[in-house]
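Trainee: Could you walk me through how the helices sit against one another here, and then what surrounds the pocket?
Mentor: Gladly; let us look at it together and begin with how such packing is described.

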Amino acid sequence: MNDVISGLEGELRSNGISVESLDTSGETVELVYLTAFPDVSVNHQEMGRALNTFIDALEADEWEPKRVEATVLRHDDDVQGTWYAEPEWFRAYVGYDISGEEFSERVIDTLAEDEP
């Protein structure tokens, strides 16, 4: 039995993202991860590490951009917040049409946080 986690999930985990589930089979990537920062607000650096994983995969021609929808958990079913990134934002960023700052601002603007 091979317990090696590879692909996007393996890359997310190697970037410090505690993946609870990852579904890349549909029109949208559905990512659920357990935060290492179970505070009131979603940690922006952790979001950035997740996004950079997708950017790196795109730049290496290992992933075709699609909408990424993330749910951030404090623990089990305690949702800290949600965020998403559109496929055209990934393309614009790797194509140097938008800056890293603009890409980050677009994603942060989608952030919806739940009250504890």
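Mentor: Before any values, a word on terms: axes are lines fitted to C-alpha atoms, for helices over the stretch in contact, and angles run from 0 to 180 degrees between N-to-C directions. Please also keep in mind that this is a predicted model.

Trainee: Okay, so at what angle do helix 3 and helix 4 pack?
Mentor: Helix 3, which covers residues 87-94, packs on helix 4 at an angle of about 170°, and their axes are 9 Å apart. Because angles over 145 degrees count as roughly antiparallel, helix 3 is roughly antiparallel to helix 4.

Trainee: And which residues meet there, helix 3 to helix 4?
Mentor: From helix 3 the partners are Trp-89, Phe-90 and Tyr-93, and they meet Gly-100, Phe-103, Arg-106 and Val-107 of helix 4. By class, that contact of helix 3 with helix 4 has five nonpolar residues, one polar and one charged.

Trainee: What about helix 2 and helix 4, where do their axes cross?
Mentor: The axes of helix 2 and helix 4 come within 11 Å and cross at roughly 115°, and helix 2 passes helix 4 in a right-handed crossing. Here His-44, Met-47, Leu-51 and Ile-55 of helix 2 meet Phe-103, Val-107 and Ile-108 of helix 4, a set that divides into six nonpolar, one polar and no charged residues.

Trainee: Now the largest pocket, how much space is in it?
Mentor: About 170 Å³ of space lies in the largest pocket. The elements that give two or more residues to its lining are helix 2 (44-59) and helix 4 (100-108), and helix 2 gives the most, with six residues.

Trainee: Which residues line that pocket, and what classes are they?
Mentor: The lining residues include His-44, Met-47, Leu-51, Ile-55, Tyr-93, Phe-103, Val-107 and Ile-108. Taken by class, the lining has seven nonpolar residues, five polar and no charged ones.

Trainee: Last one, where is Leu-111 found, and what is it in contact with?
Mentor: Leu-111 is found in the loop between helix 4 and strand 5 (112-113). Leaving aside neighbours within four places in sequence, Leu-111 is in contact with Val-42, His-44, Met-47, Thr-82 and Trp-83. The C-alpha atoms of Leu-111 and Ser-41 are separated by 9.7 Å, although these two residues are 70 residues apart along the chain.

Note on methods. Residues are numbered from 1 along each chain as its sequence is written. This is a predicted model: local features need pLDDT of at least 70, side-chain atom pairs count only at pLDDT 80 or more; totals for chains, interfaces and linings use all residues. Side-chain values use heavy atoms; hydrogens and water are left out. On a 1 Å grid over the protein atoms alone, a cavity is a set of points where a 1.4 Å probe fits but cannot get out, and a pocket is an open set with protein on both sides within 12 Å along at least five of seven lines; lining residues have an atom within 4 Å of a point. Grid points are joined across faces, edges and corners, and a volume is the space filled by probe spheres set on the points. Helices (H or I, at least four residues) and strands (E, at least two) are DSSP runs, numbered from the N terminus. Ala, Val, Leu, Ile, Met, Phe, Trp, Tyr, Cys and Pro count as nonpolar, Asp, Glu, Lys and Arg as charged, and the others, Gly among them, as polar. A crossing is left-handed if the near helix is turned anticlockwise from the far one by less than a right angle, and right-handed if clockwise. Contact means heavy atoms within 4.5 Å. Angles under 35 degrees count as roughly parallel, over 145 as roughly antiparallel, 65 to 115 as roughly perpendicular and the rest as oblique.
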